[in-house]
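Student: I have a model here and would like to go through its architecture. Could we take the elements in turn?
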Amino acid sequence: MQASRHAAPASLPIGSDADLAWVRQQVRQAAAELGFGLVQQTKLVTAASELARNTLVHGGGGHVMITPLDTGQSHGLRLAFVDAGPGIRDLDQAMTDGYTSGGGLGLGMSGAKRLVHEFDVESRPGEGTTVTVTAWATAVPPSRPGV
Ligand SMILES: Nc1ncnc2c1ncn2[C@@H]1O[C@H](COP(=O)(O)OP(=O)(O)O)[C@@H](O)[C@H]1O
Ligand SMILES: [Mg+2]
């Protein structure tokens, strides 16, 4: 039997520090399998680490959906961090360098955005937060990124 070339979408729980370590490892492995270079891998793993920690600390836990993308020309990885926590009331504030609602350095969200090609936040107070990031194996994203 021939194994498929790339992993299927996967959902990983985010409920503990051990889960964070596993998420980091799985993101790096998926990116490596898709042909990301070491620098691109490290950028995505760093972003994923910050966003997964936010899901745990601020969102009260949740999960990450890891989806491989293939445009035919380029390979990418989409990560959606999902929680059903308190949500983010002021997104502009949350994205500001140095803003923390408490305890952190306030560089996770803004830093993660700079490390990926696409960054999207959907959040409703009282319902939860989903942060979706996409990175491509090439430094320049493909012309048809909406796959
Ligand atoms: N998943 C989330 N749920 C609720 N609030 C969040 C979430 N992610 C980020 N935030 C809010 O955005 C702020 C900025 O996040 P970040 O830049 O990672 O800083 P830090 O985690 O160091 O506080 C957090 O302090 C928090 O108020
Ligand atoms: Mg943070």
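Student: Is the crossing in which α2 passes α4 left-handed or right-handed?
Tutor: α2 passes α4 in a left-handed crossing. A crossing is left-handed if the near helix is turned anticlockwise from the far one by less than a right angle, and right-handed if clockwise. Helices (H or I, at least four residues) and strands (E, at least two) are DSSP runs, numbered from the N terminus.

Student: Before we continue, what are the ground rules for this model?
Tutor: This is a predicted model, in which local features need pLDDT of at least 70 and side-chain atom pairs count only at pLDDT 80 or more, while totals for chains, interfaces and linings use all residues. Residues are numbered from 1 along each chain as its sequence is written, chains are lettered from A and ligands numbered from 1 in the order in which they are written, and side-chain values use heavy atoms, with hydrogens and water left out.

Student: Back to the helices: at what angle do the axes of α2 and α4 cross?
Tutor: The axes of α2 (residues 38–57) and α4 (residues 108–115) cross at roughly 150° and come within 9 Å. Axes are lines fitted to C-alpha atoms, for helices over the stretch in contact, and angles run from 0 to 180 degrees between N-to-C directions. The two helices are therefore roughly antiparallel to each other, a label for angles over 145 degrees.

Student: Which residues meet there?
Tutor: From α2, Lys 43, Thr 46, Ala 47, Glu 50, Leu 51 and Asn 54 meet Gly 108, Met 109, Ala 112 and Leu 115 of α4. Contact means heavy atoms within 4.5 Å. The residues of this contact divide into five nonpolar, three polar and two charged. Here Ala, Val, Leu, Ile, Met, Phe, Trp, Tyr, Cys and Pro count as nonpolar, Asp, Glu, Lys and Arg as charged, and the others, Gly among them, as polar.

Student: Changing topic, in what order do the strands of the sheet come?
Tutor: Five strands form an open sheet in the order β1-β2-β3-β5-β4, with antiparallel pairing. Two strands pair if DSSP finds at least two bridges between them. β1 (10–14) and β4 stand at the edges with a single partner strand each, so one side of each is left without a neighbour in the sheet.

Student: And how many bridges join β2 to β3?
Tutor: Nine bridges join β2 (residues 62–70) to β3, and Val 64 stands opposite Phe 81 in β3. These two strands form a hairpin with four residues between them, and Gly 72 in the turn has a positive phi of about 95°.

Student: Why is β3 largely enclosed?
Tutor: Seven of the nine residues of β3 (residues 75–83) are buried, so the strand is largely enclosed by the rest of the structure. Buried means under 20% relative accessible area, with a 1.4 Å probe and protein chains only. On β3, Gly 76 stands opposite Trp 136 in β5, and eight bridges join β3 to β5.

Student: Last one: is Leu 34 buried or exposed?
Tutor: Leu 34 is buried, with a relative accessible area of 6%. The residue is placed in the loop between α1 (17–33) and α2.

Definitions and conventions
Angles under 35 degrees count as roughly parallel, over 145 as roughly antiparallel, 65 to 115 as roughly perpendicular and the rest as oblique. Buried means under 20% relative accessible area, exposed over 50%, partly exposed in between (1.4 Å probe, protein chains only).
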